[in-house]
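The exercises below ask you to read the fold from the model and then to check each step of the solution against it.

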Amino acid sequence: MTMLQALRSFPKEVLPASATVDFLHFVVCNKPAVRVRVQQAIGLTKLATWCEQYSFAFQVDDEGYVCVARDIHLANMILSVDRSLEPHESRLGKLLGYPACCCNFVSVIGEANIDTIAAEVATWLFVGRFRLINPSGYLDGKSLICHLPCSAKCLASLRIAEQALSFIQANHDEAIISPWLFWLKTNLD
Ligand SMILES: [Zn+2]
């Protein structure tokens with residue numbers, strides 16, 4: 001199965017841990033594109049090779065921001081929106097496949113305050129199934145979503161998280177899936 005092969009050969013060792021969450025969504029959950037900063041040349045080379053192997057579009061700018069997408073137009077558009085000096089949180093988020101409600105939430109507060117938002121979201125109480133949308137494991141590559149949810153009860157985020165979880169469940173014996181295995185034992189009542 002190509003999807004699994006793509007994940008198995010994903011060069012996660014040369015990328016930030018959070019990138020595995022983004023790429024899981026890209027390969028498995030129909031996320032249209034991933035934007036990631038790659039600091040080392042080896043990371044760029046390996047990611048570009050991986051993209052070529054699976055016919056994903058790959059684009060990189062001068063500052064090492066990479067966009068991987070299903071087609072090159074989207075990849076170029078994302079990098080150019082990202083460079084624009086106008087406020088662009090909402091537009092960028094939508095291009096990256098985040099729910100509209102969550103994009104609006106971030107844009108109201110402003111991307112400059114994204115760390116403050118992340119700190120606040122980390123204090124929210126996620127109850128029952130909504131535990132699945134707690135993004136706090138993202139930097140360690142363990143969350144089920146790769147964006148900040150607009151609330152602790154965001155249904156659009158839950159739908160994405162459940163899609164990732166069902167893939168994790170079905171492929172729990174794959175090595176690449178191991179960071180997410182604890183979710184299968186998480187109490188969601
Ligand atoms: Zn939302």
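**Exercise 1.** In what order do the three strands of the open sheet lie, and is the pairing parallel or antiparallel?

*Solution.* Before starting, note that this is a predicted model, in which local features need pLDDT of at least 70 and side-chain atom pairs count only at pLDDT 80 or more, while totals for chains, interfaces and linings use all residues. Residues are numbered from 1 along each chain as its sequence is written. Strands (E, at least two residues) and helices (H or I, at least four) are DSSP runs numbered from the N terminus, and two strands pair if DSSP finds at least two bridges between them. On this basis the order is 1-3-2, with antiparallel pairing. Strand 1 (33-37) and strand 2 (57-60) each have a single partner strand, so one side of each is left without a neighbour in the sheet.

**Exercise 2.** Work out how strand 2 and strand 3 pair.

*Solution.* Strand 2 and strand 3 (residues 65-69) are joined in the antiparallel sense over four bridges.

**Exercise 3.** Which strands does helix 4 (residues 72-83) touch?

*Solution.* Contact means that the C-beta atoms of two residues, placed from the backbone, lie within 7 Å. Helix 4 packs on the sheet and touches strand 1, strand 2 and strand 3.

How values were computed
Axes are lines fitted to C-alpha atoms, for helices over the stretch in contact, and angles run from 0 to 180 degrees between N-to-C directions.
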